[in-house]
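Here is a short report on one protein. Look over its sequence and structure before reading on.

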Amino acid sequence: MYKLKEIADKVYYVGVNDRQKALFENMWPLPYGVSYNSYLIVDEKTVLVDTVDVCYSDIFLKKIADALDGRSLDYLIVNHMEPDHAGSIRLLRQQYPDVQIIGNKQTFGMLAGYHNITTGLYEVKEGDTLSIGRHQLSFYMAPMVHWPEVMVTYDSTDKILFSADAFGTYGTLDGGVIDSEMNVEHYWEEMIRYYSNIVGKYGNPVQRALQKLSALDIQTICSTHGPVWREYAAKAIDIYDRMSRYEGEDGVAIVYGSMYGNTEQMAEAIAASLAANGVKNIVMHNVSKSPASYVLKDIFKYKGLIIGSPTYSNRLFPEIESILDKIETREVKNRLYGYFGSFTWAGAAVKNLAAFGEKMKWEVVGVPVEQKQALNADKYAECWALGEAMAEKLKKEN
Ligand code: FEO
């Protein structure tokens, strides 16, 4: 029944779209949904690469049965054990009891823990190969991209990399599967958001994986989320490379909290100064309104970061503390950092923002501004000067 998309000769897309889940990992908004990608290679041996979230196992198993057309399934390659991809393994095993599950030692520990599966396993190590007929597969470990067991599978016959989460993005596949068949524009921002939310902490492991993969001739990337990259494979690799080096674009994210609008007025003054001094890419996030997912995306995207907070119970504003915690978790590096804050009777925000910048080893730009109560002409001028200093610094950097 299904007219399954053929990525290459007898390599089928059998993944699914999730337009129902509101929050990925129960945290990150999904305005465009998300796809769970799986691929089936029909050769002398039949090989499935990853499964899908268990919520979609019924439709998933039907697609596989159609593509197999009466044949059995010989192998399941498990590149990643997170349940958005490994969730259907137990049901798949029930449907195909003789399927051999290919993974590494760490995969199998998780397979036992999540699915109580301990038999019919085929262990691979770095660089191992498997001939399945016309296709020659090889396996490379990519630990912490984004879990410790992650590996990738390379098909040297068709030059396809099955890359697990790497090069993935939020966003469903709305008809098309391969990038050249669709308008991909909205995926790029979603890719940065996905990276910053999910993989952001693991910059060094991503760099190691990219280094390793650079030795391969990759013409098609089959990630577990989002389009199959072919026409834009180099662009997807470039984004992951820049993000994992924490290399920001020219621009500034202003991230602030405000209870009654006084700290917000400081943010407005700084933004106006940035614009007046030639900065075109300015994005402002009121952390009480912007989901952390988007705040993180812009912090990863831009080189300049200016954070502002009121003093709250002799600490930072709680929503600012929350975003600082997420930044620290992701070990965000190399930001040009400005900060400002306010208080009514005793200041704590600016002092805490200073300490945070030191902890992150960021370069402080401009003179921090501390405001008592409402904005006045002196503080407006100081905010303006902070914006000017950041704009000047960005010009020098470019
Ligand atoms: Fe898409 Fe780390 O799972």
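## About the model

This is a predicted model: local features need pLDDT of at least 70, side-chain atom pairs count only at pLDDT 80 or more, and totals for chains, interfaces and linings use all residues. Residues are numbered from 1 along each chain as its sequence is written, and side-chain values use heavy atoms, with hydrogens and water left out.

## Overall build

The protein has 398 residues, and 58% of them are buried. Buried means under 20% relative accessible area, exposed means over 50%, and partly exposed lies in between (1.4 Å probe, protein chains only). The C-alpha trace spans about 80 × 40 × 35 Å along its principal axes.

There are twelve helices and 23 strands. These are DSSP runs numbered from the N terminus: helices are H or I with at least four residues, strands are E with at least two. Contact means heavy atoms within 4.5 Å. Take the contacts between residues at least 6 apart in sequence: 73% of them join residues at least 24 apart.

## Two domains

The protein divides into domain 1 (5–244) and domain 2 (252–397). These bounds come from an automatic or database domain assignment. Their centres, taken over C-alpha atoms, are 38 Å apart. Twelve residues from domain 1 and ten residues from domain 2 make the contact.

Together the domains bury about 1200 Å², with 56% of it on carbon and sulfur atoms. Buried area is the accessible area (1.4 Å probe) that two parts lose on being put together, summed over both. In domain 1, Glu189, Ser196 and Lys201 lose the most area to domain 2. These three account for 39% of what that side buries.

## Across the interface

Three salt bridges cross between domain 1 and domain 2. A salt bridge is a side-chain nitrogen of Lys or Arg within 4 Å of a carboxyl oxygen of Asp or Glu. Side chains of opposite charge can pair when their charged atoms come close. Lys297 forms a salt bridge with Glu189, and the closest N and O atoms are 2.7 Å apart. Glu189 and Lys297 also belong to a network of salt bridges that includes Asp298 and Lys301.

On the side of domain 1 that touches domain 2, β5 (28–29) and α5 (185–199) each give two or more residues. The largest share, six residues, comes from α5. By class, this side has six nonpolar, three polar and three charged residues. Here Ala, Val, Leu, Ile, Met, Phe, Trp, Tyr, Cys and Pro count as nonpolar, Asp, Glu, Lys and Arg as charged, and the others, Gly among them, as polar.

The whole structure holds 23 salt bridges. One of them joins Asp158 and Arg134, with the closest N and O atoms 3.0 Å apart. Asp158 lies in the loop between β14 (151–155) and β15 (160–162), and Arg134 in the loop between β12 (129–131) and β13 (136–141), so the pair ties together parts 24 residues apart in sequence. Arg134 is partly exposed, at 37% relative accessible area.

Lys393 and Glu363 meet in another salt bridge (2.9 Å, N to O). The pair links distant parts of the chain, 30 residues apart: Lys393 is in helix α12 (residues 377–397) and Glu363 in strand β22 (residues 363–364). Lys393 is partly exposed at 21%, and Glu363 is partly exposed at 39%. Arg315 and Glu321 also form a salt bridge (3.0 Å, N to O). Arg315 is partly exposed, with a relative accessible area of 48%.
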